[in-house]
Amino acid sequence: MAGNEKSDVNARSRPTLGGPEGQVQRIRVLVVDDEPTLLETVEAVLEGDFEVACCRSGSEALELLSRTSFDVVCTDYKMPGMDGMELITRIAALELSLGAVLMTGKAELYFKEQIQTDIAKTLPLSVVLKPYRVDELIDAINRAAAFVRMRRAVSAASRSVRGIKGQPL
């Protein structure tokens, strides 16, 4: 590099979702984990790229989701009380337009439960196996957010078309 130029190896473009009337908004991620140290670490890693909120339980996450919108929920699988799959199942039942990332060290448990549910039909779901690299988690969040962006665009177009039907040309 020449002269005073500095290289920032951690610099990334900020992932965004289109907001109302084309406004650019950062992807909003809700992170759910019962372990405070992991929760703080994941929050610190993600906050440079995303708008991040954190919860320590599935029930706390559902409460926050009832009053705040997010693009992606990133949850640990194994938590006391409501585990990550139950949280994702409840979110899918609420028909919220968001994606999910399940963080787990127990792949066989995830796949056993996934077969028993129809979550994948209603909610974009990525799985990140522990221990994971930060870029794997960020990529999973971006994939889920991209799917959500597409689904929201299709939904908006569908509403627009329904509104036009019956209107004279």
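Okay, let's start with a term: a residue is buried when its relative accessible area is under 20%, exposed when that area is over 50%, and partly exposed in between, using a 1.4 Å probe and protein chains only.

Now, what we have here is a predicted model, where local features need pLDDT of at least 70 and side-chain atom pairs count only at pLDDT 80 or more, while totals for chains, interfaces and linings use all residues. Residues are numbered from 1 along each chain as its sequence is written, and side-chain values use heavy atoms, with hydrogens and water left out.

On to the charges. Searching the whole structure turns up six salt bridges, meaning a side-chain nitrogen of Lys or Arg within 4 Å of a carboxyl oxygen of Asp or Glu.

Take Lys-130 and Asp-76: they form one, with the closest N and O atoms 2.7 Å apart. Lys-130 sits in the loop between strand 7 (125-129) and helix 6 (134-164), Asp-76 is in strand 5 (72-76), and the two are 54 residues apart. Helices (H or I, at least four residues) and strands (E, at least two) are DSSP runs, by the way, numbered from the N terminus. So, buried or exposed, what is Asp-76? It's buried, at 3% relative accessibility, whereas Lys-130 is partly exposed at 30%.

Next up, Arg-28 and Glu-51, paired at 3.0 Å, N to O. Arg-28 is partly exposed at 24%, and Glu-51 is partly exposed at 37%.

Last one: Arg-133 meets Asp-135 at 3.1 Å, N to O. Shared partners join Arg-133, Asp-135 and Glu-136 into one network of salt bridges.
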